[in-house]
Amino acid sequence: MIKAFRLLAICTIGVAFATSSIAWAQTYTAVNYPGATLTELIGGPNPQGTSVGGYTLTAGGALHGFSVRAGVFTPFDPPGSTFTTANFINPQGDIVGAYVDSGGVSHGFILSGGTYTTLDYPGAAGTVLSSINPSGELSGATCSDPACGVLGATNVTHSFLVSKKGVFSATFDPPGATSSTASVVIPSGAVVGAYTDVAGTTCSTQCQGYMLFHGTYATINYPGATFTFAGGANASGNIVGIYDDASGNGHGFLFNGAYTSFDYPGASFTEATGINPGGVIVGLYVDSANAVHGFIRTP
């Protein structure tokens, strides 16, 4: 469930001085698409307070995109989509994500001013877009499986960027990685994502976060974790994501010079997926009945 599509798939990081702390005085708000059996927030909120994510209306059903602002939900699916995830919204209100078409192929999309633009990495079997920064620079991942793992096939991903002029970068991975995904490119040009060095798979079972800045990689690992996925970052370089503890339990984390662990109250699983410049965090959690909900965490 980690960053649907982004994992099927997140400045040199001062890991050496990172310490674990627990967040106490935060405000959590659950977000549930009306009538949905599953809701997840993946991107936002932008300065206007709009967040984006995905929902399903039936157990195991197809995912659809939505935006939400002040409790008002707007659903959407690109034309011809059988599965949609909205991954990011920038200050201009542009939304990016991915969709699977009727032929089982994943495409990146941009939704701007009510108009959809499909964007595919040249020569890739499948494509996912994961973020768009204020200047229009995009991040994403190529997929070896046309559906990018949505239909259960083995999938290997590689990170890429698209310039504000629409020029694709070469794909890239941290040193030693066999698969990676770029979760977000922030205004400075720094890229935050996740990777694995296990052959033939995405990092669904073994994963580390990364930051790429001016050609230098730094690894992001929550202290003592068996799994770390860096899924979001803001313009200040504050990073959020998910880590697994020694017992395999998933928790949200914030890295802003030190690591902070947090969980939605009463949740059995928490994942942070995005953070805005004001420190507001979005994500998803699983309750005691194993239902998935979105959340907003306000400092």
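Colleague: Which residues form a disulfide here, and how far apart are their sulfur atoms?

Modeller: C143 and C148 form a disulfide, with sulfur atoms 2.1 Å apart; a disulfide here is a pair of cysteine sulfur atoms within 2.5 Å. This is a predicted model, in which local features need pLDDT of at least 70, side-chain atom pairs count only at pLDDT 80 or more, and totals for chains, interfaces and linings use all residues. Residues are numbered from 1 along each chain as its sequence is written, and side-chain values use heavy atoms, with hydrogens and water left out.

Colleague: How many disulfides does a search of the whole structure find?

Modeller: One. The link of C143 and C148 is right-handed, with 105 degrees about the S-S bond.

Colleague: Are C143 and C148 buried or exposed?

Modeller: Both C143 and C148 are buried. Buried means under 20% relative accessible area, exposed over 50%, and partly exposed in between, using a 1.4 Å probe and protein chains only. C148 counts as buried because its relative accessibility is 0%.

Colleague: Where is C148 found, and what is its phi?

Modeller: C148 is in the loop between β12 (138-143) and β13. Its phi is near 55 degrees, a positive value in a residue other than glycine. Most residues other than glycine have a negative phi.

Colleague: What about H214, is that buried or exposed?

Modeller: H214 counts as exposed because its relative accessibility is 70%. H214 lies in the loop between β16 (208-213) and β17 (216-220), and has a positive phi near 50 degrees.

Colleague: Which peptide bond is cis?

Modeller: The one from G44 to P45, with omega near -10 degrees. P45 is in the loop between β3 (38-43) and β4 (51-56).

Colleague: New topic. How many helices and strands does the protein have?

Modeller: Zero helices and 24 strands. Helices (H or I, at least four residues) and strands (E, at least two) are DSSP runs, numbered from the N terminus.

Colleague: Which strands pair with β24?

Modeller: Strand β2 (residues 27-31) pairs with β24 in the antiparallel sense over five bridges, and V31 stands opposite G294 in β24. Strand β23 (residues 281-286) also pairs with β24 in the antiparallel sense, over six bridges. Two strands pair if DSSP finds at least two bridges between them.

Colleague: What lies between β23 and β24?

Modeller: Five residues, and the two strands form a hairpin. N290 in the turn has a positive phi of about 70 degrees. As for β24 (residues 292-298), five of its seven residues are buried.

Colleague: How many residues are in the largest nonpolar core?

Modeller: The largest core has 24 residues, and V96, L129 and F253 are among those with the most contacts inside it. A nonpolar core is a set of buried Ala, Val, Leu, Ile, Met, Phe, Trp, Tyr and Cys residues joined through side-chain atoms within 4.5 Å. β11 (126-132) and β20 (250-255) are among the strands that each supply at least two residues of this core. A second, separate core of eleven residues includes V240, L254, F262 and A267.

Colleague: Last one. What is the mean pLDDT of the protein?

Modeller: It is 91, and 92% of the residues reach 70 or more; pLDDT is the predictor's confidence in each residue, from 0 to 100. Over residues 1-23, the pLDDT is below 50.

Note on methods
Contact means heavy atoms within 4.5 Å.
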